[in-house]
Amino acid sequence: MSIQGCKPDPQALDASGHLQLDTACHRCGYLLRGLAPTARCPECGVPVYLSLRGEHLVNASPEWLGQVGVGFRIGQSAAIGLSVLVFPGACLALAMGHLPAWLVPAILVLWAFGVWRATTPEPGRPVGRHRVMAAIVCGCTVIVQVVALLVAWRDWQNVWGLIIFLEWACAVGLWLLQMLVARNLSRRITDPREIISVKVWTVIGLVGHGAVATGLLVGAVAAREPELAVIVPMSVGAVTTWLALLGSANVFSNIAGVLERCAMIALADRKEAIDRDDPPNA
Ligand SMILES: [Zn+2]
């Protein structure tokens, strides 16, 4: 993919050439309003103009890009792990004790950590709604995993159905949140293919989860004669969800790759700017 978009934002400066927007420093988040683009951040010394170059990810803080990139790498690993493990058959094996009871909880806690990293607030920007959603979803995920381990340890067979449902709900929440963050980030790169692939896999994933939800609902309501009305949507949902998890893992991997490349370019750019503005004293 191409990385462009280093143009300064024309709205950022007033008539006298000073910053009129609440632009935050690239590195430390200090508000640069009132400074000239040729000045330096009073807090950390990074040239002001580096923080003025628009929304493209290559102009974002490299430290922040690194944090979010790690979140997407974790999301990628978790999605692959779940696509391997969480099939109806695997769920059944788990319920019957054929898989270690900590395996799915461990993946989900790891994923919660990844989503938390992926929603790290950008320096100087307000805490976004995705961060608030992450606090709720990640918090609930950790609580459910503790309960799941407790249930496994106490061997309360009669609540396994509920636990598997809650685990599924946590996985859907984490997946959807990470896709929403991926969609936001993909708007800030120049390659429209990324935006399309995020949309396509989100829709496929929602269809899969919808089918699973239908199966669960029918199973709960018509428990006496569930057979086909449960088996068909659950099977369709399992296959579609499996595909969507693999597709999403690919999306997370692409986004992480973009973030890593942008972070490298932004760091090199910053170093070059600092070296240029700081000629070694003779
Ligand atoms: Zn600064």
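**Overview. Burial and fold of the predicted chain.** Of the 282 residues in the protein chain, 35% count as buried (20 or more other C-beta atoms within 10 Å of the residue's own; exposed means 12 or fewer, partly exposed in between; C-beta atoms are placed from the backbone). This is a predicted model: local features need pLDDT of at least 70, side-chain atom pairs count only at pLDDT 80 or more, and totals for chains, interfaces and linings use all residues. Residues are numbered from 1 along each chain as its sequence is written. The secondary structure comes to seven helices and zero strands (DSSP runs numbered from the N terminus: helices are H or I, at least four residues; strands are E, at least two). Among contacts between residues at least 6 apart in sequence, 69% join residues at least 24 apart (contact: C-beta atoms, placed from the backbone, within 7 Å).

**View 1. Helix 3, residues 103-118.** Helix 3 has 16 residues and reaches 23 Å from first C-alpha to last, close to the expected 22 Å (1.5 Å times one less than the number of residues). Its buried residues are V104, P105, I107, L108, W111, A112, G114, V115 and A118.

**View 2. Helix 3 against helix 4 (residues 129-154).** The two pack at about 165°, with axes 9 Å apart (axes are lines fitted to C-alpha atoms, for helices over the stretch in contact; angles run from 0 to 180 degrees between N-to-C directions). Helix 3 and helix 4 are therefore roughly antiparallel (over 145 degrees; under 35 is roughly parallel, 65 to 115 roughly perpendicular, the rest oblique). P105, L108, V109, A112, V115 and W116 of helix 3 meet A134, V137, C138, T141, V142, Q145, A148 and L149 of helix 4. These residues divide into 12 nonpolar, two polar and no charged (nonpolar: Ala, Val, Leu, Ile, Met, Phe, Trp, Tyr, Cys, Pro; charged: Asp, Glu, Lys, Arg; polar: the others, Gly among them).

**View 3. Helix 4 against helix 5 (residues 160-186).** Here the angle is about 155° and the axes lie 10 Å apart. Helix 4 and helix 5 are therefore roughly antiparallel. Residues in the contact include H130, M133 and A134 of helix 4, and I163, L166 and E167 of helix 5. By class, the contact has 14 nonpolar, three polar and one charged residues.

**View 4. G205 in helix 6 (residues 192-221).** Why is G205 counted as buried? It has 22 C-beta neighbours inside 10 Å. Leaving aside neighbours within four places in sequence, G205 contacts W175, T241, A244 and S248. G205 and G237 are 32 residues apart in sequence and 9.0 Å apart in space, C-alpha to C-alpha.

Conventions
Contact = placed C-beta atoms within 7 Å.
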